[in-house]
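Here are my notes on the model you sent. Please read them with the structure open beside you.

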Amino acid sequence: MNRLLFGTAVMAMTMAYGISAANASPPPLGLPPVPIPADNPQTPAKIALGNKLFHDARFSSTGTISCASCHADAKAFTDHLPVAEGVHKLKGTRNTPTIINAAYFHLLFWDGREPSLEAQAKDPMVNPVEMGLKNHEPVLKIVRTDPVYQAMFKQVFGVTGNQVTMKQVLMAIGSFERNVVSGDSPFDRYVYGGDKKAMSPAAVAGMSLFQNKGRCVDCHTMNTTYATFMDNRFHNLGIGANELGTKKMQQLAMAFLANKEHRKNVDTSVLTNKDMSELGRFAVTGQLNDLGAFKTPTLRNVAVTGPYMHNGSLKSLMDVVNFYNNGGVVKKGEKANVFQSGGIRPLELTEKEKKELVAFLEALTSPQYVNDGPKSPVRSAASR
């Protein structure tokens, strides 16, 4: 590729956010500088405020759900559930993505409906199946009257009482999330640190498969100096869409476009209606080529952030490898929907090669997250 194009894109993104490599804090081994918005510079006090806000369960209708309820620190900032679970045990329609390295995404959420970490932070608070507030007023009431918050907002933003707004709340949360980055995995030490003992022989073989026969690198990009393992693009892999079928997908798309409320409240529409959720990026753009397309997730720490895919339908890394090996279907011989992204085809990996590919994916775990969840089991799947 795309390596040159990806490197250019990161540089353009860095310039757009008002930073340069020289001004940014040194990133972990294997990652580029973290893009920092020019209007929301990082400070230790702001990150600490964002951390407190991120973990405050009072910002929910029941007083029991915080951002960290789904993005749990001890679970590599995810929840290990197929789909997110909010107030009153209500279930959404989509898998909780980790916020680790979310700073490198151009667009947020599986369908890219928000443009920044700051913008995305406001939505879960008022989604009926997440934190369940009617509006953001309860949040403002707490931060304006809580003595600890009063002192912190005064220190960080120079405001107190009614001067505190949701903009500042979201800026602090965004700063905290932007600070959650990790590299320095066995892969990074092997490729970028020159430690040729950092990865097992199986993982090294798996890396070759990742870059060549498996063609994983086409979307989960690597560079000669860093690897974010994402392309900031959206693809219809077939997950979800294959089950609904082409006709059903078309009907859902037409119904969505005809319903003004769906188009106005995308966040609620896609998280409360399982079928509507499968529209993917289409629900944001209305473009037919985005039907059933979802954002490419980063693969860093993927071994401890399962289950997988936007709907959490694949339990293990081996299940994911089998899915791609079958050409974008769960079981061999199944028919994919016509909107499936081009280039997805059977890989013809052997059993040994599939295990090697999983070994490589497990080598992408940063040391601080090794114990944050069970490694994805290598299971015997019926779809092999």
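1. Contact here means heavy atoms within 4.5 Å. Leaving aside its neighbours within four places in sequence, Val143 is in contact with Leu53, Phe59, Tyr149, Gln150, Phe153, Val164 and Val169.

2. On the source: this is a predicted model, in which local features need pLDDT of at least 70 and side-chain atom pairs count only at pLDDT 80 or more, while totals for chains, interfaces and linings use all residues. Residues are numbered from 1 along each chain as its sequence is written, and side-chain values use heavy atoms, with hydrogens and water left out.

3. Buried means under 20% relative accessible area, exposed means over 50%, and partly exposed is in between (1.4 Å probe, protein chains only). The largest such core has 46 residues, and Leu53 and Val143 have the most contacts inside it. Two or more residues each come from α2 (44-54), α3 (67-70), α5, α6 and α7 (166-178). The most come from α7, which gives 6 residues. A second, separate core has 35 residues, among them Leu209, Leu299, Tyr308 and Leu361. In soluble globular proteins, nonpolar side chains tend to be buried together.

4. Helices (H or I, at least four residues) and strands (E, at least two) are DSSP runs, numbered from the N terminus. How do α5 and α6 cross? The axes of α5 (residues 137-145) and α6 (residues 147-157) come within 5 Å and cross at roughly 80°. These axes are lines fitted to C-alpha atoms, for helices over the stretch in contact, with angles from 0 to 180 degrees between N-to-C directions. The two helices, α5 and α6, are therefore roughly perpendicular; angles under 35 degrees count as roughly parallel, over 145 as roughly antiparallel, 65 to 115 as roughly perpendicular and the rest as oblique. On the α5 side the residues are Ile142, Val143, Arg144 and Thr145, and they meet Pro147, Tyr149, Gln150 and Phe153 in α6.

5. Two backbone points deserve a look. The peptide bond from Gly306 to Pro307 is cis, with omega near 0°, and Pro307 lies in the loop between β2 (294-295) and α16 (317-325). His80, in the loop between α3 and α4 (117-120), has a positive phi of about 65° although it is not a glycine. His80 is partly exposed, at 24% relative accessibility. Asp184 is not a glycine either, yet has a positive phi of about 55°; Asp184 sits in the loop between α7 and α8 (186-191) and is partly exposed at 32%.

6. The structure holds 15 salt bridges, each a side-chain nitrogen of Lys or Arg within 4 Å of a carboxyl oxygen of Asp or Glu. One of them joins Glu85 and Lys91 (2.9 Å, N to O), and Lys91 is exposed at 51% relative accessible area.

7. Which residues form a network of salt bridges? Arg94 pairs with Asp111, the closest N and O atoms being 2.9 Å apart. Arg94 is buried at 5% relative accessible area and Asp111 is buried at 0%. Asp267 forms a salt bridge with Arg113, the closest N and O atoms being 2.6 Å apart. That pair links helix α13 (residues 266-272) to the loop between α3 and α4, 154 residues apart. Asp267 and Arg113 are both buried. Salt bridges that share partners join Arg94, Asp111, Arg113 and Asp267 into one network.

Key. Core = buried A, V, L, I, M, F, W, Y, C linked by side-chain atoms within 4.5 Å.
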